[in-house]
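The chain in question is shown below.

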Amino acid sequence: MNPSSSSTVVVGSDETTSIRRNSNRPKYSRFTQQELPACKPILTPKWVISVFLIVGIVFIPIGVVSLLASRDVVEIIDRYDSVCVPKNISGVDYITGNLDKTCVRSLIVPKKMKQPIYVYYQLENYYQNHRRYVKSRSDQQLRSSSKRADVGSCEPEDRANGQPIVPCGLIAWSLFNDTYSFTSNRGGNANTSLVVNKKGIAWKSDRDHKFGKDVFPSNFQKGPLIGGGKLDENVSLDKQEDLIVWMRTAALPTFRKLYGKIEVDLIAGDVINVTLKNNYNTYSFDGKKKLVLSTTRWIGGKNDFLGIAYLTVGGLCFFLAMAFTVVYLVKPRQLGDPTYLSWNRNPGGN
């Protein structure tokens, strides 16, 4: 073999390899190199101070208005689970025994409460968010009568006396069953009845889509252990709003659920007499029960958190704006040349 021809072949092989390597390289693109036009502001002292100052000026008034609106909500809270138990008996023995559960409480209206006045029951140390508790229900059964026997996810409250329970599951079984009736001395008339409207207390989406018009309670609370309230078997589930409210489980161990609405104004100094049935067992797990009467404003119920949060963030931003202004005036620092920033150079480093 001719040495010269052999050398030519080797050289050609290297060139071919080099060409292949170059062909595998991606072509230069401003998109792949992240060099497309973009907004890249330079954080100058004036710009930073202006942003903090604007946030402070906007947030502080919003916080003040929100806090004043929350403080304008009138709220009456009465814990009754402990005071409604006779002193010579424990709470568990009282609630499980055949004793009269009637209890009368007197509440004084601190200032005028405009209608509608919302009546809530509040439970504490009650974990509705427990995984087994939350899963113990059948949404298919609640929606359609044809799914009456769909109780596979409802254990241990799935069947009683060999028949499916409707509604099944621990959530429905533990339905809150304390009751409240109200009278007042409003207008100088003693024992004027205050009607509690229990219609429209559940979400419309729940009534229309989660609870069927053709589903009626059956075999409910017929087992050996009674958990909570009973249901009228002649009323469809979409009309039983106490159940619908209860079935929307709470995320935290302290929660309120709407019981009804009082649709008359209450005047400051009015005495409200509450006759309640203390039926619900919270004593076995050291729970608490409270009755809450509350008005609302545009911000909702009484909750100072939103206003305090706005005031905190706004105040912090205003303080930082003032601090940066003082530093900028007392000890200014010369800004560097922005032409040396990477996005101001020629594409590809050329």
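The text covers the cysteines and then the pockets of this predicted model.

**Disulfides**

The count of disulfides comes to two. Cysteines that form bonds, counted along the chain, pair in the pattern 1-2, 3-4.

Cys 84 sits in the loop between strand E1 (75–79) and helix H3 (91–96), while Cys 103 belongs to strand E2 (residues 102–108), so the bond ties together parts that are 19 residues apart in sequence. Cys 84 has a relative accessibility of 7% and counts as buried, because buried means under 20% relative accessible area. Cys 103, at 10%, also counts as buried.

The other disulfide joins Cys 154 to Cys 168, again with S to S 2.0 Å. Cys 154 is found in the loop between helix H5 (139–143) and strand E4 (159–160), and Cys 168 in the loop between strand E5 (163–164) and helix H6 (170–173), so the pair ties together parts 14 residues apart in sequence. Both Cys 154 and Cys 168 are buried.

Cys 317 is buried as well, with a relative accessible area of 11%.

**Pockets**

| Pocket | Volume | Lining | Nearest the centre |
|---|---|---|---|
| Largest | about 590 Å³ | 21 residues | Trp 173, Ile 226, Gly 227, Gly 228, Asn 281 |

Which helices each supply at least two residues of the lining of the largest pocket? They are H3, helix H4 (131–135) and H6. H6 also marks one end of the loop that holds Cys 168, and H3 one end of the loop that holds Cys 84. By residue class, the lining of the largest pocket divides into 10 nonpolar, nine polar and two charged residues.

For the second largest pocket, helix H8 (241–247) and strand E9 (255–262) each supply at least two lining residues. The largest share, four residues, comes from E9. This lining divides into eight nonpolar residues, one polar and four charged.

Note on methods:
Residues numbered from 1 in each chain as written. Predicted model: local features only at pLDDT ≥ 70, side-chain atom pairs only at ≥ 80, totals over all residues. Heavy atoms only, no water. Disulfide = S-S within 2.5 Å. Buried < 20%, exposed > 50% of the residue type's maximum accessible area, 1.4 Å probe, protein only. 1 Å grid on protein atoms, 1.4 Å probe; cavity = no way out; pocket = protein on both sides within 12 Å on 5 of 7 lines; lining within 4 Å. Points joined across faces, edges and corners; volume = space filled by probe spheres on them. Nonpolar A, V, L, I, M, F, W, Y, C, P; charged D, E, K, R; others polar.
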